[in-house]
Amino acid sequence: MIWLTWRQFRTQAATVAAALVVVAAILAITGPRLAVLSSAGANPFLTRVSAADSVLYYGSTALVHLLPAAIGVFWGAPLVTRELELGTHRLVWNQSITRTRWLATKLGIAGLAAMAASGLLSLAVTWWAGPIDAAAGASGGESFPALISPLIFGARGIVPIGYAAFAFILGVTIGLLARRTVAAMAITLAVFAAVQFAVPFAVRSHIIPAAEQTVTIGRTNVQSFRANNSGQPQELTVAGPPGAWVLSNETIDSTGHAVAVLPAWTADCMPPPPGQARSRPNAPAAQACFAKFADLGYRQRVTYQPADRFWVLQGVETTLFLALSALLARLCFWWTRHRLT
Amino acid sequence: MIEFHLDDRSGVSPYLQLVQQVRRALRLGLLREGDRLPTVRDVVAQVTINPNTVLKAYRELEHAGLVTARPGAGTFVTATLADATLTAAYGPLRQDLRRWLAKARLAGLADEDIEALFMTTFQSATQEDIA
Amino acid sequence: MTPVLRARALGKMYKQRWALTGCTLDIPAGHVTGLVGPNGAGKSTLLNLAAGMLTPTSGTIEVCGGRPGSGPAQLAKVGFVAQDTPTYPGLTVADHLQLGARLNPGWDDALARHRIKRLALDPARPAGKLSGGQRAQLALTLGIAKRPELLMLDEPVAALDPLARREFLQDLMDAVAEYGLSVVLSSHLIADLERVCDHLIVLVGSKVQVAGEVEDLLAVHHRLSGPRRDLSTLPANQHVISASHTDRQTTLLVRTDDPILDPAWSVGRLSLEDLVLAYLSRPAEPGHDHRPAREVVR
């Protein structure tokens, strides 16, 4: 059965393997340059990352996110449905092999390959982006997102292995239920994308209760203002702890309640719009404005996941996805034994 | 060696057709004592028939004492139906039949009429014998 | 002889409709059994139940002494060539033999290779590029080289042209002659099976109408024709399967174990096809026609 599974799977496996080799080669060639640049002690290392390396950084990160989806759609969904569509399950089930062993071999080989592919890609990208991720954590996430932020978290470390396992078995399960390859591929993609968007905010942020800190609002820590169309400030954010994943960033008044809309006088605190810097010498006004924040008891409350929880969250989330995959696999076995004809 | 053929439309079961073909061949002297019948696989390949049917036909022939199966060697003819006394009777009977046919034609019967008359008479005579 | 397939009150229901009901059967070993019936009569359902592809809704089925599909040992005993003889279009003929060799402990590689050679199939050709007849032959090769006790084929020749049909059956019979395996094959056309079957099951409207050895069936069925008469005057031991009347003549197809004594009848032999057609066109028996399956099939 191993032979047959491999014989059916080898083209798909080779395609992904070839793509991985190409990506790995690109990263291997460009990686050392980054490492040298960062260890050279170039002070604002992040500002000296070239545009090409920036593209590689975001591109490779996107690739780690996309690979599990591709595995679910192109490996998982067709794994059983193709046999059902061609009727070949009726050929193979009438050899001297039980359906359970047939499915177990298929899931075993393709599933392990999926996890290996995703794990290797994540390893390569994690290594390549290491200098940038380290510097981004120290700098406070100005030019590059923090390692623990949703965009990067899912593309580093071990979680991609969990995602790949889950996407793969999700594709198989949907394929078994839908019995149509193309439909199964579309549904798999939609469901997996929904899970990927929902998990960071609905699950990951709650795995460990978020840390909270309340700070005074000052000129040095304000990060941004959001104004409405007439230039009236609505809300502001302050910088979180370095490398943290900021979940909420809200202004509270002296009673501790969140402020929905900033008072009108805070307009003075806002930096001048670009191009008008000279016409409004407002430095003293801004100072007074920030002082007024302190006088009236306004403070800023920030909830966040600190950077040092990265590996704990990675471990928990990977375990979670693997457990979910195991559940789906059980469903697949049950369905194959009892419902498939 | 005898070559079998099957007529799907005859209404005679395949095994009986095989038996009849061997008997006819024996009667006409096409098969003689010592001749080997085709192997079951040969017959199967020749006429696309169930091997059990061939075996059954051969068993029946064996039972009738016409052939003997020698394991490993094949099935051999051990008797003949081309009885000298019977063959001797063929000539006069055929002559009688010829004469009768001429009479029937003279009476205005077409070939089909003759055949129908012969068959019904033959059948009713056979049935009277059974009853 | 021990039956190679034994069904007791076997039934299979799909979404509120019975595809097979009350099927009680014994198929003896060492026979080539024809399973005949119109499309949708339940032939495929019966074969799929016997192969373990389906599980029964009611009743029991036992094949080669075990529950169908219950384990590798059971699967090794039963070969099944499903309808339309599925093969992997992307795999070559040689790959299929490799598949058979890897998945079957009793695989007869010499036999498989010999057959492929005799059939002049190119081992390097993908199965997707074979003709229907060649694909059927490949599937049959897999089924035979597995060396099962019972080989079942679901409408194996339906998609084949007459020549391929003849060759396929010839090959099947050759395997029966050589290896003595039991065979069950289904067809909606009796003509396909007439020569090769020595045991027959007629399935109509999801129920078994008649089953038995072909010779026995032919021996107990007669065509009677004679002057017109009322059916109620027939002896009790003669069961009428079909009857037709003109104003002077009555033609009957009867089943009886006893000789026909009435001199008014002229008794004729039946071909297997006549016999099967009589059963296929038989109206529902009174008292049996209220079962739901009937409407579905008709």
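A cavity is a set of grid points where a 1.4 Å probe fits but cannot get out.

**View 1. The largest cavity of the predicted model, with a volume of about 120 Å³.** Of the 14 residues lining this cavity, B:Asp8, B:Val12, B:Ser13, B:Pro14 and C:Glu194 are the closest to its centre. Helix α1 (14-27) of chain B and helix α8 (214-220) of chain C each contribute at least two residues to the lining, which by class comprises six nonpolar, four polar and four charged residues. The structure holds three cavities of 30 Å³ or more.

**View 2. The second largest cavity, with about 100 Å³ of space.** Thirteen residues form the lining, and A:Leu91, A:Gln95, C:Phe80, C:Val81 and C:Ala139 lie nearest the centre. Two or more lining residues come from each of α3 (89-92) of chain A, β5 (78-81) of chain C and α5 (132-145) of chain C, and by class the lining has seven nonpolar, four polar and two charged residues.

**View 3. Strand β10 (residues 221-227) of chain C and its pairing strands.** Five of the seven residues of β10(C) are buried. The strand pairs in the antiparallel sense with β12 (residues 249-255) of chain C over seven bridges, where C:Ser225 has C:Thr251 as its bridge partner, and also in the antiparallel sense with β13 (residues 266-268) of chain C over three bridges, where C:Leu224 is partnered by C:Val267.

**View 4. Two spans of chain A listed under "transmembrane region" in an unreviewed UniProt entry.** Residues 102-128 of chain A are 100% helix and 0% strand, with end C-alpha atoms 39 Å apart, whereas residues 148-170 of chain A are 70% helix and 0% strand, with end C-alpha atoms 26 Å apart.

Definitions and conventions: Residues numbered from 1 in each chain as written. Chains lettered and ligands numbered in written order. Predicted model: local features only at pLDDT ≥ 70, side-chain atom pairs only at ≥ 80, totals over all residues. Heavy atoms only, no water. Buried < 20%, exposed > 50% of the residue type's maximum accessible area, 1.4 Å probe, protein only. Helix = DSSP H or I, 4+ residues; strand = E, 2+ residues; numbered from the N terminus. Pairing = 2+ DSSP bridges. UniProt positions renumbered as here; feature names shortened; annotations may be inferred. 1 Å grid on protein atoms, 1.4 Å probe; cavity = no way out; pocket = protein on both sides within 12 Å on 5 of 7 lines; lining within 4 Å. Points joined across faces, edges and corners; volume = space filled by probe spheres on them. Nonpolar A, V, L, I, M, F, W, Y, C, P; charged D, E, K, R; others polar.
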